Each structure stands twice: as C-alpha cells, then as structure tokens.
Amino acid sequence: MEKKRMNSLVKWTLILFVLASIILNIVLIGIHSSRAPKCSAQRVHPLRRKHDERSAVFADLSREEYLQVQQFMLKQNNLEISTNQISKPSDNFLFLIDLSVPKKADVLAYLDRNGAKPTREATVVVFYGAKGYIKEYVVGPLPNPTYVNDVTMERYHAELPISARTVTIGEYNLLFQFLGDVFSKLGKIMKESFDMGPDKQLNAFEQMPRGVRTGDRKTWISFFRDMSGMYIHPVGFEVLVDHQSVNASEWKVEKLLYNGQYFDSIDALKDKYDKDLVKKIVYKESPDYGSLKPRNKPLQVGPQLFNAEGKRYSVSNNHVVYMDWSFAFGLSALTGMRVFDVRFNDERIVYELSVQEAMSVYGSVTPGMILTKFLDSSIGIGRFAHELVRGVDCPYEASYVDTYRYIDVPKPVRFRNSICIFEHNMGQPLRRHFSDFFHHSYGGMVNSALVFRTITAIGNYDYMWDFIFYQSGSVEAKVHATGYISSSYLVDGALRHGHQVAEKVLGNIHTHFINFKVDLDVLGVKNFFQTKDMEYVNVSLPWMPDHYAMVPQLVEKQLKTEKEAALRYDTKTPRYLHISSNKTNRWGHQRSYRLQVFSFTGDNLPESQAEERAMSWARYKVAITKHKDGEQTSSSLYSQNDIWSPAVDFSKYIEDNESIEDEDLVAWVTTGFLHIPHSEDIPNTVTVGNGGGVLLRPHNYFDMDPSIHSADSVYLSPGSEDSCDSNRMACLAQETCSPVLEPFTYEGFDGVMKFEDWV
C-alpha cells in the first residue's frame, strides 16, 4: 500500500514538473517575443535606383498576349492549322509561341535617344505534319495582332524539314501505345524478366539524336523500373523504333536488345528466349535506392536568411533594381534565363546576358547511350522551369515570380514561383584588411550580392542557373547540375565507359557543355577585344648590370578579326580576356570588362563527326563576334532532331571573319564539366563541384573599387568599436528582430503532365 502511495506521489510530481516547465517556457517565449519585435516588411532606407517602365520592351509575353496570338493564328484559314488539343504527327500543329526579341538598334534608339518604341511581336512555330515542313512566323503588333509574316528563310536560309521537329506530347502518346503493343507480344518475357503485367509498367527513356543521318527518326528506347529515380534503375531491355512516318500505322520495331544481345524482330527474341538460347534476366526485386525521401527524420531547421530592415531590392513587372544595379529579365521557353539592359550606376554594362544551350555527350556500349548527345534547347530549357521550393531551392524570404509559357500545349500555362530573386550574404567579406603595425584599424565589407535564379528539370538532370550581381560592379553567370545521372544496364565491356554504381547499373561517362551569350556594351557599342597575360623575361638588374633575373612582364594584344578571337578549347588561352572601350580611366588605361571563365569541361566531340556541327559553339572557350540581329542564338529548336544538318551552325558566325575593331561585340562563352559518375551520385548528383560559369569583372573600368561607396562598409579604430557610425553590426544587438514568414505552400505538381494522361 505504501509503495502504491509513493508511486502515485512520484507520478503527480512529474506531472506538476512538466506543467511548470511548459508555463515557464511560455513566459520565456513571451519575454523573448517582447524583446524581439517582428521585422518590418517595409524598406527602412529608400532605393538608390528607380524602376524603368521601358524595360517592358524585353518582357515575356503575358497570358493575354499568348491567347491573342493563338486565336489570331487559328483564324488564318490559309495556314490550315489544326485545332486539336493533342496533336498527331500528321497534324498542322501550333507548337510554340514566344517573344520575338526586337532588333537591338531599335531598342537602343528607344532607351537612349527617345526613339519610337519597338513594335511588340511574337515568334510562332508551326509543325506542318501534313505538308512535311516546319514554318516560323512573326505575329504583331501586340496586343491585337494584325499581320503574320513567314520568316523561316530569313532566319535559317533553308526550309526546315518536318523530321527536325521535337517529339510532341501527341507523338509520345502514340509511341507509348506502340510500345504497349510490343509489351503485349512479349508478355512471357516481360513477366519473367521484369515482373511486368497489367498493374506494373516499365518507364521509357530515349536516345537522342534519333538515327544516324538527316531525315532519320529512329529512336532507341531504354526501359527502367517504375521506381523513384527511374533513371538509375535500368532493366537491360531496349527497343529501336522507326517512327519516321507521320502515320503511326507505318511505325515498326527495327531492333531489340535484351541482356546485351541484339535481335532483328520481336519474333526472333521470343523464339530464342523460348528455346533457352539467350542468357535470361531473372526478375529480382530492387531496393528503392533512388528515393530522395529523408533516411532520418529532420530535427531542426538550418540557418535562414532574412531581411532585418526590409528588402534592399525591388521587383516591378520584369524590372529589378538593387543598390547600384538595375536590369530587365525574361525566361525563354527554349533557351531559358536571360537579362537585358544591365546597368551599374545608370551606365549600361551588358545589353544581353542569356543561357543559350546545355549539351551532353555520353559514352556506352549499349545503344540507348552509345550515340546520345542531348541538346536541351531543342527540348526547351526554360520550358521545364517549375515552381521553386521555398527555403530549399531559394531562401524562404526570396521574392518569387510567376512565368507563362506556350510550348506544346493547347493554352498558355502558368508556372508559379518559377523565378526567385534574393539578396544573399555570400559567406565571406568582399574585401577587408586588419592593420596591426601602423594606424591600427580594421576595414571590411560583407559580400552581399543579388541572386537571380531559376532551376530547370530537363528529364533526369536539374540545372540551377544563377546570375549574381556584386557590389564591386561584377556580374556572374553560373550553372550547377544536380538531379539523376543517366545509366545503362551493366554488360560485358561497359566499365570502359563509367563506374558501376548499383547492382547491374553503370553510371555512364558524359560531358556537360553550357553556352552563354554575353553582349557587353562597354561605354557604348564601339568596343575592342583585348587579351592580357604574362611572360618571364630575362633582365639585368639596374644596380648590378652583370646580374640577370627572370621577371614577369605584362603582355597585351588586341585581336582584330572573328577568327583570331575564336579561342579553341584545346589551345592555350590568355588568362585575361577583355571587351574594351576606346575611353580611358583616370590613369590612362582603356576602360574594359574582363571575361573570367570557370570551366572543367571534357573534350569536345571531334569535328570529323557529322553531329558536331550542331554543337560547333563548343569548339571555343570564348568566341567574339560582331553583333548581328540574325545571329541571335548559338543553337536552335531543330538542332537535336536534325543534328547532321543543323538549322543554326555557330561556326558560320565566324567563317565570314569580320572585323571586331571598334564594333558592337558579342562574347559566346562555353563552360561546364566532365562527369565520370561514381557511387556518391546515388541517389542524386550534388551541386558541389558540378558546374561552371563566367564572371564579368570591371578592369580599369572605374578609377577605384566602386564598393568603397557602399553603405555596407565597416570601419573600426581603437576606441570606436561600439560606435554605429561606421559599423552597423554594432547596432544589431539593440535592433534584433524576428522575421515574419508567410506559410509554406507548393503547387508545382498542378498541371504537370502525368503518364496516365498520355495513354
């Protein structure tokens, strides 16, 4: 009895202790809350720059403009465009609507000389499956279009064959039905080897390009388990489908690969399988090693960024102002992220900075990867910019921007929060010095920069695209890759092309080449291309003429033609590359911006290969060309599926070898990395170390570092450590506040095309 009374007493003591702890915590939270007021969402200090409504000249099309163009095109009876929601290859299909970027001279006249506002127009791509060709049109003016002009020959100087079209959702729909028929004829093999049946499917992944010569549309399709990260679950079965005809009834299977052995027909595979003349794949359940679900329950939130005194930047429509910077932005469905009219202290530094292409070349012994060369702009880089996850893809308090696209859809699609913009403490000082011998003092400045970001998930790979604006007057364009590696089934000889990363799974070696367009306007459009480097020279010492020393010396050159300025990836490149003006700074040096490229690319495809012409931009680390409105992009929508006769061959931009002295210059920059997959790429490739980029740095452009004028500067001297006058950090303890965070939401799965919608 006494023991029970003691247990009861202990129990009630514990309950009272817990209640007291809860009450104490509530009181402490209340006290802390009273000491830490909510941070103001309002800006404490005024912006240094004003928004410019003229930036709308670069703005992506609005939903209303997309609909106006679509309806206008469908009303043109002479164009004979189908109104089917999901197209067939034989349809005349309105595939793409996008902004038609106005001519640069017209824009500059409008922005700088009070010229007329350029006509707003849209580019429209129509696949004429019934007629066997592709057409590009310009529709305008917007809003309320009244004309449509065929610009195909003007842009490409050739007709575009229908075989150059990308595979549409409608064609995929028919392909999946076709593959369903293949599976039904191989029911026994599918069940015994892959446990496939009415309630279990295999997922498909395609080889590109689709064949070996112009006009081909023959695709090797590899099959993967229907699991998380399907790209790293190959099953050892591949099919070559000839779908060249726009009539799906004429499609056929040309070859099959089963466990490393080729077969000429479905019947041949069935016959040898039934006679035990093949090495059979016996189904074995695979662990879910591709899942990105946390292996451990998250226990706490990591460090978060918040704006203690309100955001120091502003976004209005498609225009951003931040400290001394301002720029317009957009997101092309094909090429992705781009900014225009980038200004520092109201001086234009960059007219256009844009992503152009993302290309990968794979190695393998199996057909699904052996010929694969992905050219992502032909699929659509910006097309796959989905909603960004708050607090993971971008800081929680970033500004988020919606975008609209019209590509292979019956109506424009909204992509919520697909761009983010935020100011970021880069984690190190921009500059600093501690003076410990004389004039004891500390001077430094945090490296706070503005980041403009989107992330595109193109099949297996996710690319994170960043444009970063520093207070030193530098701009950086960079990319990081993540997502899943492409893999193939491990067969004899496969380890020459990668590493084994899972049971019977080869991570295939591949390159990542990224091309950026950098249209720098350094104090106008009359610029030069210069290089600077060093060499050692043997000089006699002035005070000891008979003694010599090797001393580094500055070497400067001006490259005067496009061929001279096409710097190949396999040759030694000068370390300093400059777009320069003929104006000088206070010290008599030409004011310029330097192109500093960070790249770890593999080797470019040999030029002897027919496919190389479609990626000829990758021959060059940097290529400088004279600006032409007709040389808008380094690649095209049609490069992937007519890779042997590309509509845009970048090397032709250089062949005419025009002068680049005192001209409007464009730099085409190639960066990237070689990827030899390894076990740590399972389940997911990490961004760390997997990327590249280009930094645009002022070089004698200013008389001194412009960040010295930033209010972020900190200066300490003996006796002034606690003063807020030149050290805002000293005030933080008295002015701390807690951020006001809006609830987490995510709608990125809304509207995503699901497999069951295709079949």
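I started with M550, which lies in strand 27, residues 544-559. Strands here are DSSP runs of E with at least two residues, helices are runs of H or I with at least four, and both are numbered from the N terminus. This is a predicted model, in which local features need pLDDT of at least 70, side-chain atom pairs count only at pLDDT 80 or more, and totals for chains, interfaces and linings use all residues. I count residues from 1 along each chain as its sequence is written, and side-chain values use heavy atoms, without hydrogens and water.

**Whole protein**

I found 11 helices and 34 strands in the protein. Its radius of gyration, taken over C-alpha atoms, is 30 Å, close to the 27 Å from the globule rule (2.2 Å times the number of residues to the power 0.38) for 759 residues, so the protein is as compact as a globular protein of that length. Along the principal axes, the C-alpha atoms fill a box of roughly 105 × 90 × 70 Å.

I then checked burial: 52% of the 759 residues are buried, meaning under 20% relative accessible area with a 1.4 Å probe, protein chains only. Of the contacts (heavy atoms within 4.5 Å) with a separation of 6 or more, 68% are between residues 24 or more positions apart.

**Annotated span**

I looked up residues 166-260, which an unreviewed UniProt entry annotates as "domain: Copper amine oxidase N3-terminal"; such annotations may be inferred rather than shown by experiment. The span is 26% helix and 31% strand, and its end C-alpha atoms lie 29 Å apart.

Definitions and conventions. Buried means under 20% relative accessible area, exposed over 50%, partly exposed in between (1.4 Å probe, protein chains only).
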